[in-house]
Amino acid sequence: MKTNILFLLITCALCTQINAQTTVTKRPIGPNDVFRLANLSSPKVSPDGAWVAYVLSTVDSTKNKRNSDLWMTSWDGTQSIQLTSSPDGESQPRWSPDGKYLSFVSARQGATSAQIWLMDRRGGEGKQLTTLKADLQDYVWSPDGKKIALVIQSTDSTGIPKSKQQQPYVLDRYHFKQDIEGYLQKKRSHLYVFDVSTKKLDTLTQGDFEESDPAWSPDGKYLAFVSNRTPEPDKNENSDLWVMEAKPKAAIKQLTTWTGSESSPIWSPDGSQIAYLRSSSPTYTIYDHSILSVVSKDGGEPILLSSALDRPVSTPRWTKDGQSIAVLVSDDRQRYVAQYQVKTKALSKVVSGNRSFNALEAHPNGTWVSLVSEPQLPAEVFAIENGSTRRLTKHQDEFLAPLILASVEGFVSTSKDGTKVSSLLFKPSKAVAGQKLPTILFIHGGPTAQDEWGFDLSRQILAQAGYAVAGINYRGSNGRGLAFCNAISADWGNKEVIDILGAADYLVQAGIADPNKMGIGGWSYGGILTNYTIASDTRFKAAASGAGSAQVMALYGVDQYILQYENELGAPWKNVDKYLKLSYPFLQMDKIKTPTLFLVGEKDFNVPSIGSEQMYQGLRSLGVPTQLIIYPGQFHGITVPSFQKDRFERYIGWFDQYLKK
């Protein structure tokens, strides 16, 4: 008996010691953590408000890819239940209006195209609902649950007979290529209605144009949607709101005539009005802010609710009483939830703070659900009640448990022309107060984006490798007003570089950055700005340019931005000097002294590899240390987990080589 007691005491002591060690032992976040981070998306509230369904994406390390499954969490946050676990992945969850079923999209069981599946909320396996032969883009349940509106991309209409043998691409579109989609032939997305009980599929729209964003009227009689029906849709960004009865051959009525773009229609609860987003410019421009607007179901002059805000809004959602519309607002490193009173245009904040709200769904009790990300917390599902947030999911706890994260703070620098620039600074956890640090300016892409108070995996990993890392919201970023965003139009690589160098000066003057150990990097427009900056200033001892470019004229007709070139710069044969001016990193490459790592996806049609290849070749010819990394089969975004890890390791290795000598 004494022996057993002694054994138990020793065992308990060992358990206590092990638990203590487990609790204490933590490590800095690093490249391997790309395999551990879960991504949450698409929260949808059940009709009775008891559950929130969502998509959870995790890495399958054996298959070296991400896989998405459906989960749901209870409204009180006490239960999170995994609903699917197939290797095929599921997405686009939608509750049936009676709340009995959860539908989703999946290409299960070897299907050649994705189908809608139904899962009984009470349990059981999902059952295939549709047998579509073309690509499903979107779907929406009718209010009575008897029908589903579908957006389906039609098969190629070039008239070429289909064959198992690969056929030539026959192209005659103005906009003929797009990242991920590849070469664009005459495939068009149209509206259909699917009868749930009979499984009959009716065609609603046809023709050489496309429809998107279908929205049912509350009585289930009409569908509002978005379409560009100009003579040559590829040559503009126009899109208008249209309404039709949800039956074949019904008349289609145009509600809006704005020559810019419109999107995201959503009916008011009483069916009398439609809220939507409208561009601020009547012509194409990448530097645009979406404006919350409302129009009568019968058409007429719209009400522009957020035009005076001078900030981009997104994700409009009506309140339960139909008196107000909630939106997400991007504002100076924050993305917060606000409401507009329709009659008075009065704006009120619902919830804000140094965090980022990335989805918005109404709850039947009049509150909201969102995905919320914070500097030290990757996105989770939160309830929004009485101006406060309440966390519903805890998926990220396991990810964060063993990690030590970098600290995050804001700073404002002043550029040499007096412009105030708002940025974020990530400091390694081992930083000593007053110590000057090797510093990386890691520049965001877009350019019409902003570094926000959300979880940033890239900058966290770089910071915990021993660097101060700055994210700089240069002119061209959103969140600071339309003039700030539009300041770089047709003047790339000028004001942005001034702002980047101003931030670098601030970090040195503040005693944060070691002026002899500064690097710069970024992806997409961040890579482009890396090229512009190292061609303008030789202070940077290392650079990493991801998916960048430098010779603008060489990309005309090669990337996907034909509309931007012709609207912002004009045709190159008429504006040679402008194109040459914007190509100065390539044409003045002999001024670059910074050792530079170039990285790009092999199949990138967004910023094709030619940009990185030209820069690499030039520096290699000049004898400047350089290296070119091309990720096989990857598009603009690197999605293969092992490649994501590799990219971080190469960033760190390159910067370590030149900044930590």
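Predicted model: local features only at pLDDT ≥ 70, side-chain atom pairs only at ≥ 80, totals over all residues.
Trainee: How many bridges join β2 to strand β3, and which way do the two run?

Mentor: Strands of a sheet pair through backbone hydrogen bonds, either parallel or antiparallel. Here 5 bridges join β2 to β3 (residues 51-60), and the two run antiparallel. Strands are DSSP runs of E with at least two residues, helices are H or I runs of at least four, both numbered from the N terminus; two strands pair if DSSP finds at least two bridges between them.

Residues are numbered from 1 along each chain as its sequence is written, and side-chain values use heavy atoms, leaving out hydrogens and water.

Trainee: What is the order of the strands in the open sheet?

Mentor: The order is β2-β3-β4-β5, with antiparallel pairing. β2 (39-45) and β5 (80-82) are at the edges with a single partner strand each, so one side of each lacks a neighbour in the sheet.

Trainee: Is N478 buried or exposed?

Mentor: Buried means under 20% relative accessible area, exposed over 50%, partly exposed in between (1.4 Å probe, protein chains only). N478 has 15% relative accessibility, so it counts as buried. You'll find N478 in the loop between β37 (468-472) and α4 (482-486).

Trainee: What pLDDT does the chain average?

Mentor: pLDDT is the predictor's confidence in each residue, from 0 to 100. The chain averages 93, and 95% of the residues score at least 70.
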